[in-house]
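I opened my notebook to jot down what I looked up in this structure. The entries follow the order in which I went through the features.

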Amino acid sequence: MIKVSKSIIYLGLATGVFTSSCNRDFLNEEAITIYTPENSLQNASQFQTAINNLYNGVRNIHYGNDINLDAYFGLFYATDFAYNATDYAPAAKLNEYEATMLPSYTVPQEIWTLMYKIITNANVVINRVGSSESLSDDERNKFLGEALFFRAYSYNMLANLYGGVPLELDGQTVPRFDYTRATRAEVYQQCRIDFETAISMLKNIEQVRDGEVNKQIAQHYLAETLISLGDHEAAVTAATEVINHSGLHLMTERFGRRLNDLPKNDVYRDLFEYGNQNYSSGNREGLWTLQSTFNNTASVGDRLVWAIVPALGSLALPSSVDPGRTSRLFLNGLFNDEVSLRGVGWIRPTSHFLYTVWSDKNDIRNSPANIVRDFRIEGVPTSSPHYGKWYVADGYKAQVLPVEFRDTIRSFYPVIRKTTVSRGDFPAPYLNGTPAPFGGSQLRNENFTWRAKYVARLAETYLLRAEAYLAMGNTGLAAQDINLIRARSKAGSVAAAQIDIDFILDERLRELYAEEFRVVTLGRLNRRYNRVSRYNPLSGLTIKEYHNLWPIPQNEITQNTDAVIDQNPGYRN
């Protein structure tokens with residue numbers, strides 16, 4: 001059973017407008033004191049509150065807020081990009097893929113539930129907005145366009161992960177127990193309809209507030225959906241509409257708040273500096289940015305930095321130079337604002353991402369401003385011969401013994417800086433007031449960053465169009481799109497003969513690492529098994545071809561008592 005009643009209750013808790021319902025046919029009474037969609041979605045303010053709840057649903061998933069953390073991490077790891085560094089030896093959770101990715105597992109159930117909450121709440125708006133007499137035409141179009149977008153966004157993600165899923169397009173007031181699965185193509189077709197309708201109602205990105213969905217982000221996801229439907233010419237057309245929009249372009253020159261005071265930065269790093277994501281700040285590449293600010297009660301903090309940055313604070317020098325292993329890399333085990341916010345090393349990037357894909361030495365996406373690969377030793381007395389030495393360059397990492405493997409699995413690997421802010425942009429309570437020995441200030445052990453976050457950028461639109469061109473057999477035009485992105489990153493051009501789906505997936509790694517939900521991308525392209533089996537050292541050992549799709553959650557099958565929801569092939573209920 002799709003948990004519709006729970007979803008409606010969730011909307012009520014978030015907005016204060018829906019709680020429960022009663023039998024309105026009894027004596028034709030009008031519910032006065034009971035909040036229902038009929039009496040609480042009437043004016044623009046109420047509809048805006050309901051729409052805000054849709055934004056919150058997506059933001060919570062992207063920021064790792066109000067979501068099971070295994071499910072959040074599972075959107076990034078057990079892929080060709082990363083693996084679970086905490087359940088490493090013995091392998092557990094998605095590192096032991098075949099034994100864990102079951103219909104009863106938390107991860108597919110959690111994502112399923114969260115996406116259907118958004119769909120259910122979107123359906124309430126979609127099915128009520130036409131009957132409100134107090135809305136202007138502009139307001140009605142805005143709310144309907146946004147709700148259709150969120151429904152399509154959610155169904156698109158579900159189809160990418162699970163294949164065909166039940167399609168619910170009506171507002172529900174009571175639970176249903178008779179769902180059946182639509183085919184994957186039918187789900188994508190509904191997404192196409194919703195995105196196309198939303199496009200006709202949404203305004204251009206320069207006409208909306210920062211963080212609001214707009215015509216261009218809907219066209220972007222329409223292009224992705226059309227690729228999934230095999231309509232590659234239409235996908236090229238949709239992507240081209242975004243790329244040619246006069247208000248958008250790739251950011252190719254340094255820009256933004258830290259343009260003058262961080263001279264070692266580059267334009268790629270500028271994309272991720274605090275305050276540089278929004279259209280109003282001069283960024284013409286971001287298509288949709290979720291909003292968050294520190295000390296705003298409506299905001300949530302982003303957990304990704306905490307999960308993906310290694311646990312450098314606990315890294316000890318190898319026993320070959322410090323038999324007692326009491327010396328630390330960082331003074332007092334504390335991060336500093338020249339490096340990153342504290343990390344605990346749950347999501348460990350694969351060697352394929354950290355090393356193999358970076359064959360071009362000039363690619364700024366791999367510059368020290370973006371991926372930090374070495375650190376000076378500061379957690380020893382200043383009189384120590386190790387003080388000030390570089391952990392990698394001076395050979396300390398090479399001396400780590402096999403028994404100390406956790407040092408190089410969870411406590412040390414390169415730091416991805418796009419997940420953190422730079423010095424000067426950490427909230428004052430995050431600083432402990434102590435200078436770091438080699439520059440910067442020490443940080444307290446905080447877990448969240450607070451800033452706007454991309455859901456999609458124009459660079460990805462180019463990569464989607466390259467996908468469509470490749471499917472049409474036009475590798476020349478695919479290479480042109482990829483080379484535009486590579487030129488911004490000072491990477492060398494690639495020839496048409498080099499372009500295949502693996503190259504595009506590697507380019508997505510280079511451009512969108514720690515941004516895209518990699519498991520969703522691999523599912524969309526039916527490449528999860530192919531890529532994970534080749535590049536993930538743990539999940540790749542047991543993943544099977546049927547894992548290209550996640551299982552339908554067991555609870556949904558069991559509770560759907562009046563019809564049958566078929567399980568995906570390969571899984572046992």
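**Entry: the loop with a cis bond**

I began with Pro 90, which lies in the loop between β1 (82-84) and α5 (97-100). The model is predicted, and in it the peptide bond from Ala 89 to Pro 90 is cis, with omega near 0°. I then looked at Lys 93, which also has its place in the loop between β1 and α5. Lys 93 is not a glycine, yet its phi is positive, at about 50°.

**Entry: another positive phi**

I turned to Ala 514 and found a positive phi of about 65°, although this residue is not a glycine. Ala 514 sits in the loop between α17 and α18 (518-524). Its relative accessible area is 8%, so I wrote Ala 514 down as buried.

**Entry: helices α16 and α17**

Since α17 had come up, I checked how it packs. In general, two packed helices are described by the angle between their axes and the distance between the axes. For helix α16 (residues 475-488) and helix α17 (residues 501-512), I noted an angle of about 30° and axes 12 Å apart. Angles under 35 degrees count as roughly parallel, and α16 and α17 are therefore roughly parallel to each other. The crossing of α16 past α17 is left-handed. Which residues of α16 and α17 make the contact? From α16 I listed Ile 482, Ile 485, Arg 486 and Arg 488, and from α17 Phe 503, Ile 504, Glu 507, Arg 510 and Glu 511. Sorted by class, the contact of α16 with α17 has four nonpolar, no polar and five charged residues.

**Entry: helices α3 and α7**

I noted a left-handed crossing where α3 passes α7. On the α3 side, the contact is made by Ala 44, Phe 47, Gln 48, Ile 51, Leu 54, Tyr 55, Val 58 and His 62. On the α7 side, I wrote down Glu 139, Lys 142, Phe 143, Glu 146, Ala 147, Phe 150 and Tyr 153. The residues of the contact of α3 with α7 divide into 10 nonpolar, two polar and three charged.

**Entry: Thr 183**

Next I followed the chain to Thr 183, in the loop between α7 and α8 (184-201). Thr 183 has 43% relative accessibility, so I counted it as partly exposed. I also looked up Ile 557, which is 374 residues from Thr 183 along the chain; their C-alpha atoms are separated by 16 Å.

**Entry: Asn 548**

I moved to Asn 548, in the loop between α20 (539-542) and α21 (554-559). Because its relative accessibility is 11%, Asn 548 counts as buried. What is Asn 548 in contact with, leaving aside its neighbours within four places in sequence? I found Gly 523, Asn 526, Arg 527, Arg 528 and Tyr 529.

**Entry: the database record**

Last, I checked UniProt, where an unreviewed entry lists residues 454-571 as "domain: RagB/SusD". Over residues 454-571 I noted 55% helix and 3% strand, with the end C-alpha atoms 34 Å apart.

Terms used: Residues numbered from 1 in each chain as written. Predicted model: local features only at pLDDT ≥ 70, side-chain atom pairs only at ≥ 80, totals over all residues. Heavy atoms only, no water. UniProt positions renumbered as here; feature names shortened; annotations may be inferred. Helix = DSSP H or I, 4+ residues; strand = E, 2+ residues; numbered from the N terminus. Left-handed = near helix turned anticlockwise from the far one by under 90°. Contact = heavy atoms within 4.5 Å. Nonpolar A, V, L, I, M, F, W, Y, C, P; charged D, E, K, R; others polar. Buried < 20%, exposed > 50% of the residue type's maximum accessible area, 1.4 Å probe, protein only. Axes fitted to C-alpha atoms, helices over the stretch in contact; angles between N-to-C directions. Parallel < 35°, antiparallel > 145°, perpendicular 65-115°, else oblique.
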